[in-house]
Amino acid sequence: MKKRLIGLGVLVVLFAVGVFVFLGNLNDIVRAAVEKVGSDMTQINVSLSEVDIELTSGKGALRGFSVTNPKGFSDDDAFKFDEVAVTLDISTVRSDPVVIKEIVIQGPSIVYQFGDNGSNLD
């Protein structure tokens with residue numbers, strides 16, 4: 001019985017450490033995921049400078065987001081923005097619909113170009 005309690009205690013501590021490490025690295029994990037999944041899906045470079053997620057307040061921000069143009073278009077980014085910030089009503093996160101209190105987009109830039117096979121945003 002004593003060994004089981006010690007084993008359970010060790011599992012609880014390991015779980016708590018895992019949660020702490022995950023939450024401590026959440027911003028970096030989200031940034032890496034956006035860059036990897038975005039680049040894989042679009043087959044062009046997607047980059048993100050910074051992520052700032054505050055789980056307890058329902059706020060989140062993406063900073064320095066850019067998507068390059070496909071080959072055959074200008075060297076400018078297809079689109080980019082300095083920051084997109086979102087504030088959610090955290091009491092609705094587990095319900096349908098989730099209530100978004102505010103979305104703020106700062107410094108947006110979109111380059112729309114036509115080429116031989118369509119546009120850069122196709």
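Q: In this predicted model, is Asp28 buried, partly exposed or exposed?
A: Relative accessible area decides the class: under 20% is buried, over 50% is exposed, and values in between are partly exposed. Asp28 has a relative accessible area of 47%, so the residue is partly exposed.

Q: Where does Asp28 lie, and how far is its C-alpha atom from that of Val51?
A: Asp28 belongs to helix H2, which covers residues 26-42. The C-alpha atoms of Asp28 and Val51 are 7.1 Å apart, while 23 residues separate the two along the chain.

Q: Which class do Tyr112 and Asp122 fall into?
A: The cut-off for exposed is over 50%. Tyr112 has 48% relative accessible area and is therefore partly exposed. Asp122 reaches 75%, so this residue counts as exposed.

Q: Where are Tyr112 and Asp122 found, and what is the C-alpha distance between them?
A: Tyr112 sits in the loop that joins strand E5 (109-110) to strand E6 (114-115). Asp122 is in the segment after strand E7 (118-119). Their C-alpha atoms are 9.9 Å apart, with a sequence separation of 10 residues.

Q: Which residues form the nonpolar patch on the surface?
A: The patch consists of Phe79, Ile110, Tyr112, Phe114 and Leu121, and together they have about 560 Å² of accessible area.

Q: What is the volume of the largest pocket, and which residues line it?
A: The volume is about 160 Å³. Among the lining residues are Thr42, Ile44, Val67, Phe79, Leu121 and Asp122. By class, the lining has six nonpolar, four polar and one charged residues. Phe79 and Leu121 belong to both the pocket lining and the nonpolar patch.

Conventions:
Residues numbered from 1 in each chain as written. Predicted model: local features only at pLDDT ≥ 70, side-chain atom pairs only at ≥ 80, totals over all residues. Heavy atoms only, no water. 1 Å grid on protein atoms, 1.4 Å probe; cavity = no way out; pocket = protein on both sides within 12 Å on 5 of 7 lines; lining within 4 Å. Points joined across faces, edges and corners; volume = space filled by probe spheres on them. Nonpolar A, V, L, I, M, F, W, Y, C, P; charged D, E, K, R; others polar. Patch = residues over 30% accessible without salt bridge, like charges linked within 9 Å, V, L, I, M, F, W, Y side chains within 5 Å. Areas by Shrake-Rupley, 256 points an atom, 1.4 Å probe, with all protein chains shown as cover. Salt bridge = Lys/Arg side-chain N within 4 Å of Asp/Glu carboxyl O. Helix = DSSP H or I, 4+ residues; strand = E, 2+ residues; numbered from the N terminus. Buried < 20%, exposed > 50% of the residue type's maximum accessible area, 1.4 Å probe, protein only.
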